[in-house]
Structures are given as C-alpha cells and as structure tokens.
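Here is a short note for someone opening this entry for the first time. Please keep the sequence and the 3D view side by side while reading.

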Amino acid sequence: YLGPIKKSFEYYYSLLSNGDTKQYELDANLHISLKAYGKARTVSNMSEGYQDLIGLCRRMAMIDAMYDKEKPFILLDDPFVNLDEKKIEGAKKFIENVSEKYQVIYLTCHPSRTLAEDN
C-alpha cells in the first residue's frame, strides 16, 4: 500500500497547497516527515494549518488505497479552520476534486470556506 498511498498523498497535497514545493516522506508506519536541508523533519513543529493539511491528505490517500471499488462517503467537519487565506483556494479545489470521486458531506461555519461563488 505504501506506493499508492504516497502517490495519492502527493496528489492531494498538490491540490491543497497551491503549488507548495515541500517534499514529504512516508514511512512504513504511515508517519509523515518533511524533507528539508538533507534531513527528515517532524511535522509536529509546523503550524496547525500545515498539520491539518498534511493529516487530511494522509487520510484521503488511505481512503483511496483501502476503497478501490466501492467508494465510501466522506464527512468533512470544518477541515480548513486552521488554514490561512492563501490556502483556502486550494482547499476549495480539493473539495471539488474529491467530490468527483466520493460523496462528500462538507460542513463549515465560516463564509470564507464555502464553495458557492456568491457567499
């Protein structure tokens, strides 16, 4: 599962991060670390927004790997609360893209995180 999970993680990360070029490593226990300056760095030292972003990408990658034929519904309860405004556009792309493959129930309490064009 490691290869497909890593590939899916990278795909979802590219959607959410709006072109961020950070490189991540995934180990056999599905722990993710940031590759920076020749070393693997723990993501726990990153902002809450990045931790949420990375965690969501990892969970979606695992769903892709586990549910090849039958697709579950995905419940997202305000997953972007800790993202800054620059990442919100990527988050909207992420939701739109995921909803093409899965039935998504997306809950949010802030108008800036809605998908509708006319908030």
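Predicted model: local features only at pLDDT ≥ 70, side-chain atom pairs only at ≥ 80, totals over all residues.

1. Start with helix H1, residues 2–17, and helix H2, residues 48–66. Their axes come within 8 Å. They cross at roughly 135 degrees. The crossing of H1 and H2 is right-handed.

2. Who makes the contact. H1 contributes Ile5, Ser8, Phe9, Tyr12, Tyr13 and Leu16. From H2 come Tyr50, Leu53, Ile54, Leu56, Cys57, Arg58, Met60, Ala61, Met62, Asp64 and Ala65. What is the make-up of this contact between H1 and H2, by nonpolar, polar and charged residues? It divides into 14 nonpolar, 1 polar and 2 charged.

3. Serine 8. This residue sits in helix H1. Is serine 8 buried or exposed? Its relative accessibility is 14%, so serine 8 counts as buried; the cut-off for buried is under 20%. Setting aside neighbours within four places in sequence, serine 8 is in contact with Ala61 and Asp64. Both Ala61 and Asp64 are listed on the H2 side of the helix contact, and both are buried.

4. Length of H2. H2 has 19 residues. At 1.5 Å a residue, H2 should span 27 Å.

5. Burial of H2. The buried residues of H2 are Gly49, Tyr50, Leu53, Ile54, Gly55, Leu56, Cys57, Met60, Ala61, Ile63, Asp64 and Ala65. What covers them? The cover includes H1, along with strand S1 (23–26), strand S2 (32–36), strand S4 (73–77) and helix H3 (85–101).

6. Leucine 30. Look next at the loop between S1 and S2, where leucine 30 lies. Leucine 30 has a positive phi of about 65 degrees, although it is not a glycine.

7. Aspartate 78. This residue is in the loop between S4 and H3. Aspartate 78 also is not a glycine, yet has a positive phi of about 50 degrees. With a relative accessible area of 15%, aspartate 78 is buried.

Key: Residues numbered from 1 in each chain as written. Heavy atoms only, no water. Axes fitted to C-alpha atoms, helices over the stretch in contact; angles between N-to-C directions. Helix = DSSP H or I, 4+ residues; strand = E, 2+ residues; numbered from the N terminus. Left-handed = near helix turned anticlockwise from the far one by under 90°. Contact = heavy atoms within 4.5 Å. Nonpolar A, V, L, I, M, F, W, Y, C, P; charged D, E, K, R; others polar. Expected span 1.5 Å × (residues − 1). Buried < 20%, exposed > 50% of the residue type's maximum accessible area, 1.4 Å probe, protein only.
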